[in-house]
Amino acid sequence: MSLNTQKASHIAQVLTEALPYIQRFSGKTLVIKYGGNAMIDETLKNSFARDVVLLKAVGINPVIVHGGGPQIGQLLAKIGKESEFINGMRVTDTETMDIVEMVLGGQVNKSIVNLINNHGGRAVGLTGKDGSLIFAEKMKFASSDDVTHDAPEIIDLGFVGRVTSIDTSVIDMLIHSDFIPVIAPIGVGQDGQSYNINADLVAGKIAEVLQAEKLILLTNTPGLLDADGKLLTGLNAKQVNDLIATGVIYGGMLPKIGCALDAVQAGVTSSHIIDGRVQHAVLLEMFTDEGVGTLIRGGGR
């Protein structure tokens, strides 16, 4: 068998393996949280855009929710403002909120839209303020460090928000008009105040209200690892909760796992935490038997 014939045979095998997945997911909605290295490295950016365009071309409806923390931090540093984080959340005063809106709703959102369009897609950029897509309220939490008072200290993060409701009419309109929505995680309060919201949380809530087939969270790790560093996949809610209870899942992975669990427990068929550092990670997770990350399904509670 010649080299060209071997290559053609391999391509045919790949397409054959992908076909049943394409058939199964055609017409379904997929919410992807786009962030990490996949948003910075040029090769990964282009492979992500091609993945999204291909998904739309085979009848799947991708909805993109993006982050932009590093870009926000860079602009804040340029103007001499130091970033402050509490429990992984950026403390957001009025000046910082202006920067967040400028970077997420403008620079980052439009660059992703442009990238997808340059690869043959039809993307439309939104923030949660467009069409009253995302309503939010101020997020506050109790400090676990305060042991000197009967009541714990309530930490105010400024204009950091939590989602209170989502109106999917704009997303539905775009999906059914053959567009790809690209959403910046900025919400609006009942008084018109803008709020900076964690992109994982927004992606999860949008997946829930859309009753999406899948929620995919792109990360800078291979997925969820066990105590020996081996990749875990095919997990249910009970197994994940057991891993949290035994301390296998901890730190920065906890919010992502919580988001993934909430989604499947609210009706999303499956959540996936995948390695965004791998080229075409979304296609590999969607259309191959092995995938490239951790798959979590509901049930088993």
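Me: How much space lies in the largest cavity?
Reply: About 60 Å³. Keep in mind that this is a predicted model.

Me: How many cavities of 30 Å³ or more does a search of the whole structure find?
Reply: The search finds 1.

Me: Which residues line the largest cavity?
Reply: Among them are Ala38, Leu44, Ser47, Phe48 and Asp51. Leu218, Gly276, Val278 and His280 are also in the lining.

Me: How does the lining of the largest cavity divide into nonpolar, polar and charged?
Reply: It has 7 nonpolar residues, 3 polar and 1 charged.

Me: OK, H2 then. Why does its length agree with what a helix should span?
Reply: Helix H2 covers residues 42-57, which is 16 residues. At 1.5 Å a residue, they should span 22 Å. The end C-alpha atoms are 23 Å apart, so the two agree.

Me: What caps the N-terminal end of H2?
Reply: Asp41 does. One of its side-chain oxygens lies 3.0 Å from the backbone nitrogen of Thr43.

Me: And what follows H2?
Reply: Gly59. Its phi is positive, near 95 degrees.

Me: Which residues of H2 are buried?
Reply: Leu44, Ser47, Phe48, Ala49 and Asp51 are among them. The list also includes Val52, Val53, Leu55 and Lys56.

Me: New topic. How many aromatic pairs does the structure hold?
Reply: It holds 2. One of them is Tyr34 with Phe48: the ring centres are 3.9 Å apart and the planes are at 5 degrees, so the pair is stacked.

Me: Which parts does that pair tie together?
Reply: Tyr34 is in strand S1 (residues 29-34) and Phe48 is in helix H2. The pair therefore links parts that are 14 residues apart in sequence.

Me: Are those two buried or exposed?
Reply: Tyr34 is buried, and Phe48 is buried too.

Me: Last one, pockets. What volume does the largest pocket have?
Reply: About 910 Å³. It is lined by 31 residues. Gly88, Met89, Asn198, Ala199 and Asp200 lie nearest its centre.

Me: Which element gives the largest share of that pocket's lining?
Reply: H3, with 4 residues.

Me: How many of the pocket's lining residues are charged?
Reply: 4 are charged, alongside 16 nonpolar and 11 polar.

Definitions and conventions. Residues are numbered from 1 along each chain as its sequence is written. This is a predicted model: local features need pLDDT of at least 70, side-chain atom pairs count only at pLDDT 80 or more; totals for chains, interfaces and linings use all residues. Side-chain values use heavy atoms; hydrogens and water are left out. Helices (H or I, at least four residues) and strands (E, at least two) are DSSP runs, numbered from the N terminus. The expected span of a helix is 1.5 Å times one less than its number of residues. Buried means under 20% relative accessible area, exposed over 50%, partly exposed in between (1.4 Å probe, protein chains only). A polar contact is a pair of N or O atoms within 3.5 Å; within protein, one must be able to donate a hydrogen and the other to accept it, and residues adjacent in sequence count only if both atoms are side-chain atoms. On a 1 Å grid over the protein atoms alone, a cavity is a set of points where a 1.4 Å probe fits but cannot get out, and a pocket is an open set with protein on both sides within 12 Å along at least five of seven lines; lining residues have an atom within 4 Å of a point. Grid points are joined across faces, edges and corners, and a volume is the space filled by probe spheres set on the points. Ala, Val, Leu, Ile, Met, Phe, Trp, Tyr, Cys and Pro count as nonpolar, Asp, Glu, Lys and Arg as charged, and the others, Gly among them, as polar. Rings of Phe, Tyr and Trp (its six-membered ring) pair if their centres lie within 6.5 Å; planes under 30 degrees apart count as stacked, over 60 as edge-to-face and the rest as tilted.
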